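Please walk me through this structure.

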Amino acid sequence: MDTMNRRRSGCPINLTLETLGDRWSLIVLRDIMFGRNRTFRALLAESLEGIASNILMDRLKRLTENGLLTRCGDPRHKQRVVYSLTEKAIDLVPLLAVMGSWGLRHTPASTELSARARILEDGGPQLWSEFMDELRHLHLGAPRPEGSARARMQSAYEAAVTA
């Protein structure tokens, strides 16, 4: 049995952690969910945490192998690959929202980078669901939802940056 298929235990928390891999995997998923970057070069250039190119490539590969991302060629640029979230990744929105809420309460998070987390916390499960529908539209081709949770989060971020 190879290491990709070997699991330490059947505990759902352990299995989730083994699927995600490490903190970089969540950061990459965060950047694809909340940002507009979906190519290797854009994810690398816009990384707030300064991810190294070899780590980014490894995490994109791991997330794709674990069914959290898909990749396809960019019709506008022959050598560019565009990454998209799968339903499995979109299902992580509530987890990331709760992690953001915890970080708001227990860490010295910056005002600017807390703006989206505050919107998600204030909006609760209803907003999480709206955001997930929007991600399904952007990444899976589902119908466009009426409102834009992303636009609300982006506006809050921009207001925090200019304050």
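From α2 come Ile 32, Met 33 and Phe 34. From α7 come Arg 116, Leu 120, Phe 131, Leu 135 and His 139. Sorted by class, this contact holds 6 nonpolar residues, 1 polar and 1 charged.

Now the geometry. Helix α2 covers residues 23–34, and helix α7 covers residues 111–140. They pack at an angle of about 75°. Their axes lie 11 Å apart. Angles of 65 to 115 degrees count as roughly perpendicular, so α2 and α7 are roughly perpendicular to each other.

Next, the largest pocket. About 1200 Å³ of space lies in this pocket. How many residues line the largest pocket, and which lie nearest its centre? The lining has 35 residues, and nearest the centre are Arg 30, Asp 31, Phe 34, Leu 113 and Arg 116. Two of these names have come up before. Phe 34 of α2 and Arg 116 of α7 also take part in the contact of the helices.

Of the elements, α7 gives the most, with 7 residues. By class, the lining of the largest pocket splits into 17 nonpolar, 9 polar and 9 charged residues.

The structure holds 1 cavity of 30 Å³ or more. About 30 Å³ of space lies in the largest cavity. Its lining consists of Ile 27, Val 28, Asp 31, Leu 43, Ser 47, Ile 51 and Leu 56. Which element gives the largest share of this lining? Helix α2 does, with 3 residues. By class, the cavity lining has 5 nonpolar residues, 1 polar and 1 charged.

Last, the confidence of the prediction. The mean pLDDT of the chain is 92. Of its residues, 97% reach 70 or more. Where in the chain is confidence lowest, and where is it highest? Confidence is lowest in helix α1 (residues 12–20), at a mean of 86. Confidence is highest in helix α5 (residues 87–90), at 98.

Definitions and conventions
Residues are numbered from 1 along each chain as its sequence is written. This is a predicted model: local features need pLDDT of at least 70, side-chain atom pairs count only at pLDDT 80 or more; totals for chains, interfaces and linings use all residues. Side-chain values use heavy atoms; hydrogens and water are left out. Axes are lines fitted to C-alpha atoms, for helices over the stretch in contact, and angles run from 0 to 180 degrees between N-to-C directions. Helices (H or I, at least four residues) and strands (E, at least two) are DSSP runs, numbered from the N terminus. Angles under 35 degrees count as roughly parallel, over 145 as roughly antiparallel, 65 to 115 as roughly perpendicular and the rest as oblique. Contact means heavy atoms within 4.5 Å. Ala, Val, Leu, Ile, Met, Phe, Trp, Tyr, Cys and Pro count as nonpolar, Asp, Glu, Lys and Arg as charged, and the others, Gly among them, as polar. On a 1 Å grid over the protein atoms alone, a cavity is a set of points where a 1.4 Å probe fits but cannot get out, and a pocket is an open set with protein on both sides within 12 Å along at least five of seven lines; lining residues have an atom within 4 Å of a point. Grid points are joined across faces, edges and corners, and a volume is the space filled by probe spheres set on the points. pLDDT is the predictor's confidence in each residue, from 0 to 100.
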